[in-house]
Amino acid sequence: RPDGKKVDREEIALEGRRCLICGGPAKVCSSRRVHTVADLQAKTTAILTKTMTALDAQTAAQKAVRALLYEVTTTPKPGLVDRRNCGSHKDMDSFTFMSSAASLYPYFEACTRAGQVTASQPAPETFAALRPLGCEAEGEMLAATHGVNTHKGAIFSVGIVCAALGRLDRVLWADPTRVLAEVSAMTKGLTAQDFAGVTAENAVTAGQKLYVEYGITGVRGQVEAGLPAVLEVGLPALENGLAQGYDLNRAGCGALLAILAHSTDTNIIARSSRERQLELVEELNALLAQTPYPDEAALAALDDRFIAERLSPGGSADLLALCYLLHFFKTEVKEDV
């Protein structure tokens, strides 16, 4: 009031404040000192923790979707959907990927929450909690893309990284080594478990056949090892390119080629052969030795060649998205805290 006296909430038709602890009238609890200071502090801490936990999950999901959008718009990428063309695909374009990425926001948030909820449990328990979430997310993706598989690999790998973030204190999100060590702990024994009993006679999936014939473990082996193609190859290439003054697009293209040259992309093998994949690795290593960050013309020529052979390194594209995601947290996490 003008005289400096307080206006009661009830005077202006508002409900009186409720006690944070018991929900009763705050005036009563306060005047009678019903609750101890320690109880009030504990309740306040719980409220703040719940709020920050929700914000952390939202932040992880936002950056995960952003990483997928950065990946698809990085151009030109050999054989992949980008702003230049649809790569070696006839059933999808950049807009398909954008719709897919947007549909996965709730999933990435749920993965982070799963990590938060199971943080006190053994790491593999968190991974187990992701399986039903991943099945649901795949359905959401297919609904958004009218049945086109755009991000099945990313649902697996990016979802695991989000869960790892959920298990860790936010201050550790800026440390890629620590984040990916958590990924490794979560998926310990995954390769042996999934390929147990697989033989040349009963192998059905492409992954099983590659494991039996060549010992290739694919993305399972990558996550169990802590994603070395990201930590030791792609992310350093991305950051080195930026440090040399290249923009994010060209640095990202360089990172993708580095991943392709130093890992085994099973999508390439599925669309050609193991021999052809090894030839490409040798060729790319020779190219990168001369020019670690090829210009647009060189990348476009490589893109045209991949399209002519119907090659599409989708597995490497997922790893590039993870490079972007970890780069975001490494460079932006202090601003978010």
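Of the 337 residues of the protein, 44% count as buried, where buried denotes under 20% relative accessible area, exposed over 50%, and partly exposed the range in between (1.4 Å probe, protein chains only). The model is a predicted one, in which local features need pLDDT of at least 70 and side-chain atom pairs count only at pLDDT 80 or more, whereas totals for chains, interfaces and linings use all residues. Residues are numbered from 1 along each chain as its sequence is written, and side-chain values use heavy atoms, with hydrogens and water left out.

The secondary structure comprises 16 helices and zero strands; helices (H or I, at least four residues) and strands (E, at least two) are DSSP runs, numbered from the N terminus. Along the principal axes, the C-alpha atoms of the protein fill a box of roughly 85 × 50 × 35 Å. The accessible surface of the protein comes to about 16,800 Å², and 55% of this surface belongs to carbon and sulfur atoms. These areas come from the Shrake-Rupley method with a 1.4 Å probe; for residues, only the protein chains shown count as cover. Among the contacts in the protein with a separation of 6 or more, 69% involve residues 24 or more positions apart, a contact being heavy atoms within 4.5 Å. The protein carries 34 positive and 40 negative charges, whose mean positions are 9 Å apart. In this count Lys and Arg are positive and Asp and Glu negative, while His and the chain ends are not counted; each charge is placed at NZ of Lys, CZ of Arg, CG of Asp or CD of Glu.

The interior was examined next. A nonpolar core is a set of buried Ala, Val, Leu, Ile, Met, Phe, Trp, Tyr and Cys residues joined through side-chain atoms within 4.5 Å. The largest nonpolar core contains 71 residues, of which F108, V158 and L227 touch the most other members. Helix α16 (residues 314-336) gives the most to this core, with eleven residues. A second, separate core has five residues, including V72, M92, F97 and V148. With neighbours within four places in sequence left aside, L227 is in contact with V161, L180, V183, Q222, L319 and L322.

Helix α4 (residues 105-117) has 13 residues and should span 18 Å at 1.5 Å a residue, which agrees with the 18 Å between its end C-alpha atoms; the expected span is 1.5 Å times one less than the number of residues. The buried residues of α4 are Y107, F108, E109, C111, T112, A114, G115 and Q116. Their cover includes α2 (37-73), α5 (123-144) and α6 (152-167).

D56 is located in α2 and counts as buried because its relative accessibility is 12%. Beyond its neighbours within four places in sequence, D56 is in contact with T112, Q116, R170 and W173. M52 also has its place in helix α2, but at 42% relative accessibility M52 counts as partly exposed. The C-alpha atoms of M52 and D303 are separated by 44 Å, the two residues being 251 residues apart along the chain. T73, likewise in helix α2, is partly exposed because its relative accessibility is 26%. Leaving aside its neighbours within four places in sequence, T73 is in contact with R83, M98 and N249. T73 and V28 are 45 residues apart in sequence, and their C-alpha atoms are 59 Å apart in space.

Helix α14 (residues 274-290) contains E283, which is partly exposed with a relative accessible area of 30%. Apart from neighbours within four places in sequence, E283 is in contact with L302 and R305. The C-alpha atoms of E283 and C22 are separated by 69 Å, and these residues are 261 residues apart along the chain.

Backbone geometry was also considered. Most residues other than glycine have a negative phi, and most peptide bonds are trans. A cis peptide bond joins T75 and P76, with omega of about -5 degrees; P76 lies in the loop between α2 and α3 (94-103). R33, which is not a glycine, has a positive phi of about 50 degrees. R33 is placed in the loop between α1 (26-32) and α2 and counts as exposed at 72% relative accessibility. R310, also not a glycine, has a positive phi of about 60 degrees. The loop between α15 (296-308) and α16 holds R310, which counts as exposed at 52% relative accessibility.
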